[in-house]
Amino acid sequence: MRWLWMILAALLIIGVGPLAFGQNYPTRPIRFITPAQPGGTTDILARMIGIRLADVFKQQVIVDNRASASGVIAAEMAAKAAPDGYTLFMGYHQHTVNASLLGKLPYHAVNDFTAITQVTEAGLILAVNPATLVRNLREFLEWTKSYKGPLNFGSAGNGSGGHLAGELYKTMAGIKAQHVPYKGSAPAMVDLIGGQYHYTFVGMQPVQPHIRSGRLRALAVTSLKRVPALPELPTMDEAGLKGFEIVGWYGVMAPAKLPKPIVTRLHGEIVKFINEPDTQKRITADGSRAVGSTPEAFLKFLHADVAKWAKIVKESGARID
C-alpha cells in the first residue's frame, strides 16, 4: 500500500490530482459510438454534440456508426471500452427495451454504463390513412374494437418503440391486431399511405410531412405532454386512453466507472449546448423536448425505463416476430 500512497502524493505534487485530471481531459480524439445509420435522429444528435465538444475540447470527436442487432453491437462496444472518457455512447430507448425483449445481453443496460445526461425525449404519433374515416382517438377506439377481419399495425421494426406501443394499445384497448415490421420508418410510411396496413405509432420526424400533406392523419401523441410542433394534437391519455404513455429518449453514456471529474466536464459542456436557444429550436422542430438532466437523474431514469419496458413486454406478450 505504501507505494500506492507515494504515487498519489507524486501526482498531487505535479498537479494531476482528480481535479486537474478532469481539467486536462481530453488530450486525444474521442470516439462517439452510435447504434444507428448516418442521417437518423440518433446520428444527428451525436454529430451535433460531437461538433460542440470538438470545438470546446480542441480535439476531434469521431462519430462511429454501428447500426446492427437492435443496437446491441454498439452498446457492447461501448460497455467494454476503457472508462477513460475517450469512448462515448449515444443511447436511446431501444437500449432499455432490449433488456427485456432480447433476453440475455452481453452487458447490463444500466450497470455497465456511466450516465452523463439525457438529451431529449419525445412521444410517438398514432397515425392512420385518411381512408379509415376516423378523426379522433374515440372514433379510433370504437373502430378497432368493432373492425371485422384482420387488423394490422405497422412499425419501424421488431422491438421498436412503435412495435411496443402497438402491443400496449392492443392490451389496453382489448383488441386483436397483427404486427407488421418494416426495416425503418420510411418504408412503413409508404405502405400506410398505400393502405397496406391500418395504423402505426411512429416518431414525429418521418410522419410530419405526410400529416401536413394530408396523406396521413394524426390522432394522438403517446407522451403525457403535447408536442410543440403539433399543439392541437391531444395525448393518448387525455383523449380517452388513461395511463397510456410511451416516450422515446436519447442520452449520452460512457463505460461504467468513468472518473467523476470527466463526467462533470462532459455533462457541463453538453448541457450548456442543449440549453442554447438554437439547439432548443432544432430539437423541438421535430416534436422532441430538450432535457439536459443531471447524471444522477439520468441514471434513475434508466433504471425506471428498464422496469417500465419489462412490464409492457410481459403484459403484452410482445416478441421478436
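**Figure 1. Met189 in helix H8 of the predicted model.** Met189 is found in helix H8, which covers residues 185–193. The model shown here and in the other views is predicted. Is Met189 buried or exposed? Met189 counts as buried, because its relative accessibility is 1% and buried means under 20%. Leaving aside neighbours within four places in sequence, Met189 is in contact with Tyr197, Thr200, Val202, Pro206, Val207, His210 and Leu216. Glu121 lies elsewhere: Met189 and Glu121 are 22 Å apart in space, C-alpha to C-alpha, and 68 residues apart in sequence.

**Figure 2. The open sheet of 5 strands.** The strands follow the order E7-E6-E8-E5-E9, and their pairing is mixed. Which strands stand at the edges? They are E7 (178–181) and E9 (217–221). Each has a single partner strand, so one side of each is left without a neighbour in the sheet. On average, neighbouring strands of this sheet are turned by 30° against each other, direction ignored.

**Figure 3. Strands E5 and E9, with two helices across them.** Strand E5 spans residues 125–128 and pairs with E9 in the antiparallel sense, over 4 bridges. Ala127 has Ala218 in E9 as its bridge partner. Helix H6 (residues 137–146) lies across E5, E8 and E9. Its direction is at about 60° to E5. Helix H9 (residues 204–213) also lies across E5, E8 and E9. H9 runs at about 40° to E5. Leu133 is found in the loop between E5 and H6. Its phi is near 75°, a positive value in a residue other than glycine. Leu133 is exposed, because its relative accessible area is 65% and exposed means over 50%.

**Figure 4. Strand E1 and its two parallel partners.** E1 covers residues 30–34 and is mostly covered, with 4 of its 5 residues buried. Strand E2 (residues 61–65) pairs with E1 in the parallel sense over 5 bridges. Here Arg31 stands opposite Ile62 in E2. The chain passes from E1 through helix H3 (residues 41–57) to E2, a β-α-β crossover that is right-handed. Strand E3 (residues 87–92) also runs parallel to E1, joined by 3 bridges. Phe32 stands opposite Leu88 in E3. Strands of a sheet pair through backbone hydrogen bonds.

**Figure 5. Helix H3 and the residue that follows.** How far apart are the end C-alpha atoms of H3? They are 24 Å apart. The buried residues of H3 include Leu45, Ala46, Met48, Ile49, Leu53 and Phe57. Thr42, Asp43 and Gly50 are buried as well. An α-helix has 3.6 residues a turn, so residues three or four places apart point the same way. Just after H3, Lys58 takes a positive phi of about 60°, although Lys58 is not a glycine. Lys58 is found in the loop between H3 and E2. At a relative accessible area of 64%, Lys58 is exposed.

Figure 6. Which residues does the cis peptide bond join? The bond joins Tyr25 and Pro26, with omega about -5°. Pro26 is found in the loop between helix H2 (18–24) and E1.

**Figure 7. Ser288 in a loop.** Ser288 has its place in the loop between helix H11 (277–284) and strand E11 (289–290). At 9% relative accessibility, Ser288 counts as buried. Its contacts, leaving aside neighbours within four places in sequence, are Thr120, Glu121, Ala122 and Ile283.

**Figure 8. Aromatic pairs.** The count comes to 18 aromatic pairs. One of them, Tyr107 with Phe113, is edge-to-face: the centres are 5.8 Å apart, with 90° between the planes. Both Tyr107 and Phe113 are buried. Why is the pair of Trp143 and Tyr147 edge-to-face? Their ring planes stand at 70°, and planes over 60 degrees apart count as edge-to-face. Their ring centres are 5.3 Å apart. Trp143 counts as buried at 16% relative accessibility, whereas Tyr147 is partly exposed at 31%. Ring pairs link Trp143 and Tyr147 into a cluster with Phe140, Phe153, Tyr169, Tyr199, Phe201 and Phe244.

Terms used: Residues are numbered from 1 along each chain as its sequence is written. This is a predicted model: local features need pLDDT of at least 70, side-chain atom pairs count only at pLDDT 80 or more; totals for chains, interfaces and linings use all residues. Side-chain values use heavy atoms; hydrogens and water are left out. Two strands pair if DSSP finds at least two bridges between them. Axes are lines fitted to C-alpha atoms, for helices over the stretch in contact, and angles run from 0 to 180 degrees between N-to-C directions. Contact means heavy atoms within 4.5 Å. Buried means under 20% relative accessible area, exposed over 50%, partly exposed in between (1.4 Å probe, protein chains only). A crossover is right-handed if, with the strands pointing away from the viewer, the path from the first strand over the helix to the second runs clockwise. The expected span of a helix is 1.5 Å times one less than its number of residues. Rings of Phe, Tyr and Trp (its six-membered ring) pair if their centres lie within 6.5 Å; planes under 30 degrees apart count as stacked, over 60 as edge-to-face and the rest as tilted.
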